[in-house]
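Here is a friendly walk through one protein model, meant to be read with the structure open beside you. Take a look at the display below before reading on.

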Amino acid sequence: MAKITIYVPDQEPMKVSFDQEFVTLGRAPDNDLVVAHESISGHHAKIQREGDSYIVVDLDSTNGIKVEDVPTTKGPLSNGTKITFGRVDAVYECEETAAAEDEKEDDAEASVGGGDGEPFVSNMEVELAETSTKPEGFDNLSPLEKAVDKNQLGKAAMAIGLIAILSALATFGLAASMKVG
């Protein structure tokens, strides 16, 4: 069984065990792991099984992911791998370490897909949003600017040109039909 410990700033660390094919992470309530932080996208990333191990995959998030402090869209996970989702750090643990930790820990632990049929449970208080909005203080860490259509004047000139061409064609057509008749 794999584990991930998520370190959301100003909150207690959240340790989660999982053994399913994939686990999704993001701010939206339909994720397996809901992380309420301004740098996390609604559907930020997923951790999925690949062979005998897991990989992390970015789901086109705004602020991306890093594996061992290197920006990436997909990366392999091994015991102790540091993952950063936006500005939220996490540490992945593989089965061997997770089994040893289970025997030592007295703390209650959340489990996702642990085979007992129980849903994910966390000691964090959350509220479900009726709509998705950009949180206050949200920082876009993407190095790419969003494409914005700023050329309204160009569009207007193109429309006027198209109308002029159509008018000219109509005039030529009318003139040709008057000569024939």
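## Overall make-up

How many helices and strands make up the secondary structure of the protein? The count comes to two helices and twelve strands. Reading from the N terminus, the elements follow the order β-β-β-β-β-β-β-β-β-β-β-α-β-α.

Please keep in mind that this is a predicted model. Its mean pLDDT is 82, and 72% of the residues reach at least 70. Among the elements, strand 10 has the highest mean pLDDT, at 97, while strand 12 (residues 110–112) has the lowest, at 49.

## Burial and contacts

The protein has 181 residues, and 28% of them count as buried. If you look at contacts between residues at least 6 apart in sequence, 45% of them join residues at least 24 apart.

Five strands form an open sheet in the order 4-3-5-6-9, and their pairing is mixed. Strand 4 and strand 9 (74–77) are the edge strands; each has a single partner strand, so one side of each lacks a neighbour in the sheet.

On the strand 9 side, the partner is strand 6 (residues 53–58), and the two pair in the antiparallel sense over four bridges. To find this pairing on screen, look for Val57, which stands opposite Lys74 in strand 9.

## Salt bridges across the chain

Side chains of opposite charge can pair when their charged atoms come close. The structure holds five salt bridges, and three of them are described here, starting with Glu21 and Arg49. The closest N and O atoms of Glu21 and Arg49 are 3.2 Å apart. This pair links distant parts of the chain, 28 residues apart: Glu21 sits in the loop between strand 2 (14–18) and strand 3 (22–26), and Arg49 in strand 5 (residues 45–50). Glu21 is partly exposed at 49% relative accessibility, and Arg49 is also partly exposed, at 26%.

Next come Arg87 and Glu38, whose side chains meet in a salt bridge with an N to O distance of 2.9 Å. They are 49 residues apart and link two loops: Arg87 lies between strand 10 (82–85) and strand 11 (88–93), and Glu38 between strand 4 (33–34) and strand 5. Arg87 has 31% relative accessibility and counts as partly exposed; Glu38 is partly exposed too, with 26%.

A further salt bridge joins the side chains of Lys82 and Asp69, at 3.0 Å from N to O. Here the partners are 13 residues apart, with Lys82 in strand 10 and Asp69 in the loop between strand 7 (65–67) and strand 8 (70–72). Are Lys82 and Asp69 buried, partly exposed or exposed? Lys82 counts as partly exposed because its relative accessibility is 26%, and Asp69 is partly exposed at 49%.

## A nonpolar patch on the surface

Which residues form a nonpolar patch on the surface? They are Leu162, Ile165, Leu166 and Leu169, and together they have about 420 Å² of accessible area. Ile165 can be found in helix 2 (residues 152–180). With 53% relative accessibility, Ile165 counts as exposed, because the cut-off for that class is over 50%.

How values were computed:
Residues are numbered from 1 along each chain as its sequence is written. This is a predicted model: local features need pLDDT of at least 70, side-chain atom pairs count only at pLDDT 80 or more; totals for chains, interfaces and linings use all residues. Side-chain values use heavy atoms; hydrogens and water are left out. A salt bridge is a side-chain nitrogen of Lys or Arg within 4 Å of a carboxyl oxygen of Asp or Glu. Buried means under 20% relative accessible area, exposed over 50%, partly exposed in between (1.4 Å probe, protein chains only). pLDDT is the predictor's confidence in each residue, from 0 to 100. Patches are made of residues with over 30% relative accessible area and no salt bridge: like charges are joined within 9 Å, nonpolar side chains (Val, Leu, Ile, Met, Phe, Trp, Tyr) within 5 Å. Accessible areas come from the Shrake-Rupley method with a 1.4 Å probe; for residues, only the protein chains shown count as cover. Contact means heavy atoms within 4.5 Å. Two strands pair if DSSP finds at least two bridges between them.
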